[in-house]
Amino acid sequence: MQTNRRQVLAPFASGIAFGSGLPAAASAQELKKVRVGKAIISSFPFSGLELGVKQGIWKSVGLDAEISTFAGDGRLQQALAAGSIDFGFGSGPGMGYASKGVPAHAVAAVANRPANMALVVAKGSGVTSLAGLKGKRVGVSTAGSLTDWLARNIAVSNKWKTTDIEIVPMGDMRARLAAMRSGELTSAVTSVQEAYQIQDNGQGTVLTTFGDVVPHFHTHVVFARDELIQKDAELVRRFLKGWFTIAAYMRDHRAEAVKAAAATMKLSEKVIDETYSIETGMMSYDGQFDPQALEVIRSSLKDLGILDVPPAISALYNGKFVPVRIN
């Protein structure tokens, strides 16, 4: 099966500059398959993985991306530990799992401060401010996830005891929304898009977003298995070149990015378009790590119960692959 002229030129027709692109003699048979996992479906940056397939960006760097979605950071880290995926897109706090024996490290930042995360309260809950959450149940994806940590910061920011809110891991947002409808949950932490969609549908109210609460943070990072880092660093570099080409495309092609994200996240294009500037404003375009953000994440690992003692920052990531230059 050969790559035809239209397939090779399609990315360039979309206005993308891919640098060297595919070798002149490359064919579909020569594409290197990489297995990529993402912790959640409800992430605008993560939707770029599928957009990269549609626009031929992964092919332009000689890769065939096989994408799978998991129900939270914990499941993503299990997949990395089992070797069932090569790269993973997860949260900053997920960087702590390397110190628990998961053979993978963060190799680039995907998005910084969590401006794209929100707290939504159930319709009829009677909660109109953060103070009203005291003693209530808040739904998150999985224990030790970004949503878990942000929920805990509600208590911290209000100087409450950590037991003053009950955090309930429930998997994806559909399960949490069902629990909000039944009264089992008062609120949930989720993406800003899902939160506004819930509000638009009359099922709840957006109470707050988390961007200003945590100004220095890595909301999302990309992980690579240690075996690849050590034995095939060139593949890691090629993968990151593909990803940051996608990130730049999402920033520079609003209509296409909105349409693709809406389809992948199963949300309305209206909601995605309304939050587009928030998302692209917090995304990283070279993967560089922020020392202050790494310190916040390091400290968060004890709070989340991922580790008993915060590790050295150097144990959280491998910085030799950034910054990534795509041109």
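**Exercise 1. Determine whether E184 is buried, partly exposed or exposed, and which residues it is joined to by salt bridges.**

Solution. Start with the classes: buried is under 20% relative accessible area, exposed is over 50%, and partly exposed is in between, with a 1.4 Å probe and protein chains only. At 40% relative accessibility, E184 counts as partly exposed. This is a predicted model, in which local features need pLDDT of at least 70 and side-chain atom pairs count only at pLDDT 80 or more, while totals for chains, interfaces and linings use all residues. Residues are numbered from 1 along each chain as its sequence is written, and side-chain values use heavy atoms, with hydrogens and water left out.

Next, apply the salt-bridge rule: a side-chain nitrogen of Lys or Arg within 4 Å of a carboxyl oxygen of Asp or Glu. E184 meets this rule with R137, the closest N and O atoms being 3.9 Å apart. E184 sits in the loop between α6 (173-182) and β8 (187-191), and R137 in strand β6, so the pair links distant parts of the chain, 47 residues apart. Helices (H or I, at least four residues) and strands (E, at least two) are DSSP runs, numbered from the N terminus.

Then take the other partner of R137. E166 also forms a salt bridge with R137, with closest N and O atoms 2.9 Å apart. Here E166 belongs to strand β7 (residues 166-169) and R137 to strand β6 (residues 137-140), 29 residues apart. E166 is partly exposed at 42% relative accessible area, and R137 is partly exposed at 26%. Through shared partners, the salt bridges join R137, E166 and E184 into one network.

**Exercise 2. State which parts of the chain the R35 and D86 salt bridge ties together.**

Solution. The side chains of R35 and D86 meet in a salt bridge of 2.7 Å, N to O. R35 lies in strand β1 (residues 32-38) and D86 in the loop between α4 (73-82) and β3 (87-91), so the pair ties together parts that are 51 residues apart in sequence. By the same rule, the count comes to 14 salt bridges.

**Exercise 3. Find the nearest side chain of opposite charge to D73, and list the contacts of D73.**

Solution. First place the residue: D73 lies in helix α4. For charge, Lys and Arg count as positive and Asp and Glu as negative, with His and the chain ends not counted. D73 is buried yet has no salt bridge, and the nearest side chain of opposite charge, R176, is 11 Å away. For the contacts (heavy atoms within 4.5 Å), leave aside the neighbours within four places in sequence; D73 then touches A39, G90, S91, T142, S145 and L146.

**Exercise 4. Locate the residues K159, K266 and P323, and describe the backbone at each.**

Solution. Most residues other than glycine have a negative phi, and most peptide bonds are trans.

- K159 has a positive phi, near 60 degrees; this residue is in the loop between α5 (146-157) and β7 and is exposed at 79% relative accessibility.
- K266 has a positive phi of about 60 degrees although it is not a glycine; K266 is in the loop between α10 (254-265) and α11 (269-282) and is exposed at 65% relative accessibility.
- P323 is joined to V322 by a cis peptide bond, with omega about 0 degrees; P323 lies in the segment after α12 (291-303).

**Exercise 5. Characterise the chain as a whole: what are its elements, its radius of gyration and its share of buried residues?**

Solution. Count the elements: the chain has twelve helices and ten strands. The radius of gyration, taken over C-alpha atoms, is compared with the globule rule, 2.2 Å times the number of residues to the power 0.38. The chain has a radius of 20 Å, close to the 20 Å that the rule gives for 327 residues, so it is as compact as a globular protein of that length. Along the principal axes, the C-alpha atoms fill a box of roughly 65 × 45 × 30 Å.

Buried residues make up 54% of the 327 residues. Of the contacts with a separation of 6 or more, 81% are between residues 24 or more positions apart.
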